Amino acid sequence: MIIKKAEGTYNLQIIKVDEADANKKLSGAEFEVLLADGSTQTVTTNDQGIIEINGIVITEEGTDTITIKEITAPVDYEKLIDTLTLEVTKTIVDGNYMATAAILTNENTSGETVSAENGIITVTV
């Protein structure tokens with residue numbers, strides 16, 4: 001009998017919005033993202049105000065801790081004061097690893113939100 005090893009990935013999406021109008025997406029925000037595997041990515045929001053980091057590999061159940069720091073704000077905006085700490089819960093669902101929940105653990109968040117749906121973790125700042 002061959003037992004298949006569980007596998008899985010999830011995607012991280014960061015959306016930069018205007019504080020007064022969450023429907024206004026902001027391009028040009030640069031973020032430094034420290035992933036749970038220790039790798040760091042420096043990424044910039046596109047014309048729709050979105051950053052996508054795809055294919056984050058899950059090798060075990062538990063929690064991934066990811067830090068998100070805004071390095072450069074869009075023109076005419078201020079950058080986030082604090083680094084955000086994101087905790088992603090990983091579990092096995094139907095024999096495959098999945099990211100099933102996510103929370104921001106910072107005490108002083110100012111309107112940032114997070115959601116986990118269909119393997120996509122979305123952080124709106």
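Predicted model: local features only at pLDDT ≥ 70, side-chain atom pairs only at ≥ 80, totals over all residues.
**View 1. The salt bridge between Glu70 and Lys16.** The model holds two salt bridges. In the one shown here, the side chains of Lys16 and Glu70 meet with an N to O distance of 3.0 Å. The pair links distant parts of the chain, 54 residues apart: Glu70 belongs to strand E5 (residues 62–72), whereas Lys16 sits in the loop between strand E1 (8–15) and strand E2 (30–34). Glu70 has a relative accessibility of 1% and counts as buried. Lys16, at 5%, also counts as buried, because the cut-off for buried is under 20% relative accessible area.

**View 2. The salt bridge between Lys90 and Asp64.** The closest N and O atoms of Lys90 and Asp64 are 2.7 Å apart. Here too the pair links distant parts of the chain, with Lys90 in strand E6 (residues 84–93) and Asp64 in strand E5, 26 residues apart. Lys90 counts as buried at 6% relative accessibility, and Asp64 counts as buried at 9%.

View 3. The side chain of Glu70 has a polar contact of 3.0 Å with the side chain of Lys16. A polar atom of the Glu70 side chain also lies 2.8 Å from the backbone nitrogen of Leu80. Apart from neighbours within four places in sequence, the residues in contact with Glu70 are Lys16, Ala29, Glu30, Phe31, Glu78, Lys79 and Leu80. With a relative accessible area of 1%, Glu70 is buried.

Note on methods: Residues numbered from 1 in each chain as written. Heavy atoms only, no water. Salt bridge = Lys/Arg side-chain N within 4 Å of Asp/Glu carboxyl O. Helix = DSSP H or I, 4+ residues; strand = E, 2+ residues; numbered from the N terminus. Buried < 20%, exposed > 50% of the residue type's maximum accessible area, 1.4 Å probe, protein only. Polar contact = N/O pair within 3.5 Å; in protein donor to acceptor, adjacent residues only side chain to side chain. Contact = heavy atoms within 4.5 Å.
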